[in-house]
Amino acid sequence: MARGRSLFSAFLSIFSARVLTSVVTILSLPVIVRVLGPAGYGDYAFLMSVFNVLMIFVSSGVTEGVQKFVGEDRDDEWRDRVVGFYLKLGAGLAVVGAVAVAGIATLGPIDSWFGPDFRLYFVLLALMIPAVQFRSFVRRTLMGMGLERYSEPLTVASKVVWVAAGLALLWFGWGVAGLLTANVLSSATVALIGGALILGQVSLPRVTSRLPAEFPKSELLSFNVLNVVLALLMMSLYHVDVIMLRTLVGDSVTGYYKSALAIAEYLWFVPLSLQTLLLHSTSDLWADHRLERIEELAAKITRYAFALTVLLALGVAALAGRFVPLYYGEEFAQAITPLRLLLPGALAFAVVRPVFSISRANGDLRPLVAATGGAALLNVVLNAVLIPRYGMTGAAIATGVGYGSMLAFHVASARRLGYDPLADLRAGRIAATAVVSAVPIFGLSALIASDLLALAVVPVVGFAVYLSAALLSGAVRHEEVAGIAAALPVPAPIQSLAETFGGVVRSERGADEGGGE
């Protein structure tokens, strides 16, 4: 691992990269959607869902494995041997996957199933497989080495190159094929840069040489197999609805639904960063059997994730009717209803993400496979039943229930492992905070006539009211807010303002309660 690296600096690298890539996505997505139209965007969403499911078999065991085992400090040659093992495995799987998809594209009935354009699309997917495989490999290898300061800028670079190349090719009329081609170019570029960085950290002769007999291949492969199963189940939650909707209903409806899904998934913004971080930070706690500390950490982070995501869900629910037509175009107003239906399930899924990562750090993936498998099965069944009858509304309901079941299944799994992530949830206090905050959030949205003014004012006022109500109700404490503000790399006046604001609210709360806590 990189020396001098702290968990918080690693989190900031991951979080900052996620912020930047999200900004690029937010700015570029409405342009892409408008150029492609609902049908073209629906086809692109379908293709990416198919691709992501395929990459589970090609990539999941490789990328997760290299990140985990490179980070272990066993001996001087261990890291180089692990990189070499996964490099060869990843290359072999990428070749097999690319050849299989290319064969289906050229020899299979793709055009009769989806249309003549899809033969070219699947050829481009075949080219994407090795490019994305090596892009993911170099990023996860750098993360395993503790070099998030390199891996995360590469993630941003990949997004920027993809958007720049994709928009250029869209301008020249390449359509969906242009976006797929841009993905190949951006992934290959980042893979080359990341590969050069890795070469500076390892011994190339050891990476390329034959593995010694004592190298524990079976240990690494066993982890890979269970990880592939787990990744397949997780991906089914993300993509089964899109694939079924495109197959059973059509491309335009899929485009509307995917636009709603993209917004709902922004509720996972902070929990996803926490999920990445906690896999590393709780491994040692499990190794030392420190269950009390694990429960304390899990309970606090679960409460933070719940409180923050409730605020985001309120804002999205209140402003969806204004934001969706403004962002995607008037014809995408049909996405508003499925977006609102997705929010409760997306909220539950956001809360469970840190829990999922903490349980995963235990090393025994079987309880996670069982829990995720239950949610995935429920999701498939509900989508199969509801999509033919209710279209994208049925998909939203089914997927929302599937997402929500993840919370129930994984809390039960965590308790079986020996800790309770809901031990300090304070659900009643967060619910009271939400009720109080909903009044100005929905009220202002209804009163303000201008869409742009509402989108500027409601989030700011809503956040201020929500934070005040959370401090007054005890959903979060002054010390917690001040501690987070002090840890962030923000100017001292902002930290001082946060501490002063929290202190005033705490004083008022104490006076109301007759002496405080």
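The expected span of a helix is 1.5 Å times one less than its number of residues. Keep that rule in hand for the first stop. The model on screen is predicted.

**Start with helix α5**

Select residues 148-171, helix α5. Step just past the helix to G173. Its phi is positive, about 85°.

**Zoom out**

Show the whole protein. It has 18 helices and 0 strands. Of its 517 residues, 53% count as buried. Look at contacts with a separation of 6 or more: 83% of them join residues 24 or more positions apart.

Select residues 217-248, helix α8. It has 32 residues. From first C-alpha to last it reaches 43 Å, close to the 46 Å expected. Where does α8 bend? Centre on H239: the bend there is about 50°. Then move to G250, which follows α8 and has a positive phi near 145°.

**The largest nonpolar core**

In soluble globular proteins, nonpolar side chains tend to be buried together. Here the largest nonpolar core holds 123 residues. Select Y86, F122, L180, Y257, Y328, L339 and F349, which touch the most other members. Which helix gives the most to this core? Select α1, residues 7-70: it contributes 19 residues.

Stay with L339. Leaving out residues up to four places away in sequence, it touches A260, I263, A264, V316, A320 and V324. A second, separate core has 23 residues. V310, A318, I441 and A470 are included in it.

**Rings and a charge**

Now show the aromatic side chains. The model has 12 aromatic pairs. Select W268 and Y403 for one of them. The pair is edge-to-face, with 5.4 Å from centre to centre and 70° between the planes. W268 sits in the loop between α9 (251-264) and α10 (269-281), while Y403 belongs to helix α14 (residues 366-417), so the pair ties together parts 135 residues apart in sequence.

The charged end of R353 sits over the ring of W268, 4.5 Å from its centre.

For a cluster of rings, select Y256, F323, Y327, Y328 and F332, which ring pairs link together.

Select F306 in helix α12, residues 291-328. Its relative accessible area is 18%; because buried means under 20%, F306 counts as buried. What does F306 touch, apart from residues up to four places away in sequence? Its contacts are L347, V351, L425, A427 and I430. Pick out I430. It is 124 residues from F306 along the chain, yet their C-alpha atoms are separated by 8.2 Å.

From there, go to R426, in the loop between α14 and α15 (427-447). R426 is not a glycine, although its phi is positive, about 55°. R426 is buried, with a relative accessible area of 13%.

**Two last stops**

Select R81 in helix α2, residues 78-107. This arginine is buried, at 13% relative accessibility. Beyond its neighbours within four places in sequence, R81 is in contact with R206, S209, R210, L211, P212 and F215.

Finish at T141 in helix α4, residues 117-144. At 0% relative accessibility, T141 counts as buried. Show V66, V70, V83 and I198: these are its contacts once neighbours within four places in sequence are left aside.

Definitions and conventions: Residues are numbered from 1 along each chain as its sequence is written. This is a predicted model: local features need pLDDT of at least 70, side-chain atom pairs count only at pLDDT 80 or more; totals for chains, interfaces and linings use all residues. Side-chain values use heavy atoms; hydrogens and water are left out. Rings of Phe, Tyr and Trp (its six-membered ring) pair if their centres lie within 6.5 Å; planes under 30 degrees apart count as stacked, over 60 as edge-to-face and the rest as tilted. Helices (H or I, at least four residues) and strands (E, at least two) are DSSP runs, numbered from the N terminus. A charge sits over a ring if NZ of Lys or CZ of Arg is within 6 Å of the ring centre and within 35 degrees of the ring normal. Buried means under 20% relative accessible area, exposed over 50%, partly exposed in between (1.4 Å probe, protein chains only). Contact means heavy atoms within 4.5 Å. The bend at a residue is the angle between axes fitted to the seven residues ending there and the seven starting there. A nonpolar core is a set of buried Ala, Val, Leu, Ile, Met, Phe, Trp, Tyr and Cys residues joined through side-chain atoms within 4.5 Å.
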